[in-house]
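Biologist: Could you take me closely through the pockets of this model, and tell me what lines them?

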Amino acid sequence: MDMLQDLESLQFEYGVPEEDRIWLYLQGRSRGLMIEACAHATFFCKLLYNLRASLNENQSSRHLSIDSLNAATPEEFKVGIIGGGHLGKQLAGTLLQLVPVPAESLRISTRRPEALGELQKLGIKCFYHNADLVSWADVIFLCCLPSQLPNICVEIHTSLEKTSIVYSFVAAVPLPRLKLLLNHTNILRPQYQYGEDSVSIWGANKKVIAALQDPTILQATCPYSPAGGIILKIKWLEGVFYAALNICTARNMAHSQVLQLLSELFLSVHFEDCGKDTASCPKFQITDFVSKAYGKNLSQERPFPWFDLTAVQLKETPFSQHLSSSPVLQDHLTHLYCASFGISLTKEQPVVSTSSPSQ
């Protein structure tokens with residue numbers, strides 16, 4: 001098969017009439033969306049793994065850095081995927097290898113579990129019972145068709161815990177509708193917009209896992225990068241932070257400790273001009289996440305309130321203003337993202353766009 005790989009007559013484009021070739025860019029866009037979706041889900045799980053691992057240790061005696069992000073022990077953290085189609089299978093393989101999620105902590109519910117033989121051989125439990133999956137998992141990825149979603153929500157909404165995080169890839173169903181269907185607020189839904197840049201950056205033959213180990217492709221998936229013609233709306237990144245706050249609130253952790261912990265986890269990667277240590281890096285303040293009036297009345301020992309993640313992604317928040325007005329914070333988060341995949345940036349490798357992606 002390797003000998004036949006580059007034969008023109010075996011390429012997808014060979015049978016496409018000349019007048020229809022203007023639509024071939026959609027193939028690259030589809031592949032780019034798949035890679036971006038898996039990359040952002042992987043980054044999200046890496047951060048949650050690290051956060052949960054740190055919450056299980058003595059915070060006063062431990063300093064966290066990006067090294068711990070790549071080496072965090074995914075203790076008692078369970079991931080479920082509803083849908084065993086192309087996206088579900090690619091996502092499972094990516095999480096398994098790049099987070100990495102242990103096979104025993106990853107399960108898939110699909111109408112055709114017998115079609116997932118390769119994943120089952122790796123130790124992933126595949127079955128068809130959506131409610132059981134949801135009651136077991138901490139994070140649930142929805143990788144189903146829009147037409148299937150209403151019935152799935154009927155099956156699972158009573159099995160969701162308040163702390164369960166639902167991560168939806170069903171682009172056709174907006175957040176307000178999903179919130180109503182699930183009677184749940186702890187929901188993340190990445191949204192993508194399309195630019196005019198070339199989509200050839202995504203390649204044609206690399207698997208998703210291999211693509212995310214390519215520095216050029218990985219940097220194109222960065223939340224602030226317009227490369228590749230697909231841009232992640234930054235409201236998703238806000239949702240990630242508020243999801244982290246909710247996890248700490250569920251542990252009844254004092255908000256002052258939460259701010260210190262998140263600063264160490266998320267802001268410890270920096271350019272050389274930040275200084276030789278992290279002392280000069282930005283630090284999170286309470287008013288970055290709540291209003292000044294609310295923060296003024298919140299005692300040091302009190303936890304943050306529970307946040308509605310759907311509202312966070314639909315409305316302006318204190319963090320929206322902080323994130324959009326702080327290029328330094330954007331740089332740190334860009335470095336965190338790339339470093340979590342094992343790629344280091346230098347000053348000569350700018351990724352952040354001069355114009356922020358749509359909120």
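Modeller: Let me begin with the classes used for lining residues: Ala, Val, Leu, Ile, Met, Phe, Trp, Tyr, Cys and Pro count as nonpolar, Asp, Glu, Lys and Arg as charged, and the others, Gly among them, as polar. The model is predicted, so that local features need pLDDT of at least 70 and side-chain atom pairs count only at pLDDT 80 or more, while totals for chains, interfaces and linings use all residues. Residues are numbered from 1 along each chain as its sequence is written, and side-chain values use heavy atoms, with hydrogens and water left out.

A pocket is an open set of points on a 1 Å grid over the protein atoms alone, where a 1.4 Å probe fits, with protein on both sides within 12 Å along at least five of seven lines, and its lining residues have an atom within 4 Å of a point. Points are joined across faces, edges and corners, and the volume is the space filled by probe spheres set on them. Helices (H or I, at least four residues) and strands (E, at least two) are DSSP runs, numbered from the N terminus.

The largest pocket holds about 900 Å³ of space, and of its 36 lining residues Leu87, Cys143, Cys144, Leu145 and Phe169 are the closest to the centre. Its lining, to which α1 gives the most with 4 residues, divides into 19 nonpolar, 13 polar and 4 charged.

The second largest pocket has a volume of about 400 Å³, and Lys89, Gln90, Gly93, Glu118 and Leu119 are the closest to its centre among 16 lining residues. Here α3 supplies the largest share, 7 residues, and the lining has 7 nonpolar, 6 polar and 3 charged residues.
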